[in-house]
Amino acid sequence: MYADGSELTNLTNNPAQDVSPVWSPDGRRIAFESDRSGFRQIFLMDADASNVIQLADDKADQWIGEPYNLGLNLWSPDGNRLIFSQTVPGDENGMLYIVDANGENKKPLVNKAGKYSSPSWSPDGKHIAFIVLENNVTRIYSTDADGNNITDVTKTLPSDETLYPKSYSWSRDGQSISFIASNLN
């Protein structure tokens, strides 16, 4: 619908659960999640609901970032790639992936399954940050956009502090991340 509430249009018109729509940076496409294939999978469509494609057909559940999109930069700034998480049903650990907007070149961002959430591209498209929960401590990691050079951004926090709330934000130039830490006690 338009911002004034007019022109309400059902874009997916499918009996499946279609959720978590995310506009591409250029406004021409929408990524969304759907369980129409038996698993929660990521689909793309043009903004007018045409050209619906499924990005991957794995026997796993996929999320555009996490179960609830918190307004993060899930599309690369140029609109050519998406970040998503994937878990095998019944497993609480998952993997983070990047994939081209045409469904090709799916690549893991991390080298082992874990409790990852809130992935987000930096505004300049050079890095991706995400949250990791390990041993009841929440940290922020970043990596190059191709998945290399994973760094614990919060490594200098005292061991008795954790990220709280579980969120962060990028600076406009993509060079800094702000967050709030809280004492575990």
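This is a predicted model: local features need pLDDT of at least 70, side-chain atom pairs count only at pLDDT 80 or more; totals for chains, interfaces and linings use all residues.
Reader: What makes β5 and β8 edge strands?
Author: They belong to an open sheet of 4 strands, in the order β5-β6-β7-β8, with antiparallel pairing. Within that sheet, β5 (61-63) and β8 (107-108) each pair on one side only.

Reader: Why is Thr138 called buried?
Author: The cut-off for buried is under 20% relative accessible area. Thr138 has 3% relative accessibility, so Thr138 counts as buried. This residue lies in strand β11 (residues 137-144). Leaving out residues up to four places away in sequence, Thr138 touches Ile131, Val132, Leu133, Thr162, Leu163 and Lys166.

Reader: How many aromatic pairs does the structure hold, and what makes Tyr116 and Phe130 one of the edge-to-face kind?
Author: There are 4 aromatic pairs. For Tyr116 and Phe130, the centres are 5.7 Å apart and the planes stand at 80°. Ring centres must lie within 6.5 Å to pair, and planes over 60 degrees apart count as edge-to-face, so both conditions hold. Tyr116 lies in strand β9 (residues 115-121) and Phe130 in strand β10 (residues 127-134), so this pair ties together parts 14 residues apart in sequence.

Reader: Why is the pair of Phe130 and Tyr141 called stacked?
Author: These rings are 6.1 Å apart centre to centre, with 15° between the planes. Tyr116, Phe130 and Tyr141 together form one aromatic cluster.

Reader: Is Tyr141 buried or exposed, and how do you know?
Author: Tyr141 has a relative accessible area of 17% and is buried, because the cut-off is under 20%. Phe130, with a relative accessible area of 1%, is buried too.

Reader: What makes you say that a charge sits over the ring of Tyr97?
Author: The charged end of Lys106 is 4.5 Å from the centre of the Tyr97 ring. The distance cut-off is within 6 Å, and the charge must also be within 35 degrees of the ring normal. Lys106 is described as sitting over the ring. Likewise, Arg36 lies over the face of Phe43, at 4.9 Å from the ring centre.

Reader: Which residues have the most contacts inside the largest nonpolar core?
Author: They are Leu44, Trp75, Leu82 and Phe130, in a core of 27 residues. The elements giving two or more residues to this core are β3, β6, β7 (95-100), β9 and β10, and β7 gives the most, with 5 residues. Apart from this core lies another, of 7 residues, including Ala129, Ile131, Ile140 and Ile177.

Reader: What does Trp75 contact, beyond its neighbours within four places in sequence?
Author: Its contacts include Val22, Trp23, Pro25, Ile30, Leu44, Leu82 and Trp121. Arg29 and Arg81 are also among the contacts of Trp75.

Note on methods: Residues are numbered from 1 along each chain as its sequence is written. Side-chain values use heavy atoms; hydrogens and water are left out. Two strands pair if DSSP finds at least two bridges between them. Buried means under 20% relative accessible area, exposed over 50%, partly exposed in between (1.4 Å probe, protein chains only). Contact means heavy atoms within 4.5 Å. Rings of Phe, Tyr and Trp (its six-membered ring) pair if their centres lie within 6.5 Å; planes under 30 degrees apart count as stacked, over 60 as edge-to-face and the rest as tilted. A nonpolar core is a set of buried Ala, Val, Leu, Ile, Met, Phe, Trp, Tyr and Cys residues joined through side-chain atoms within 4.5 Å.
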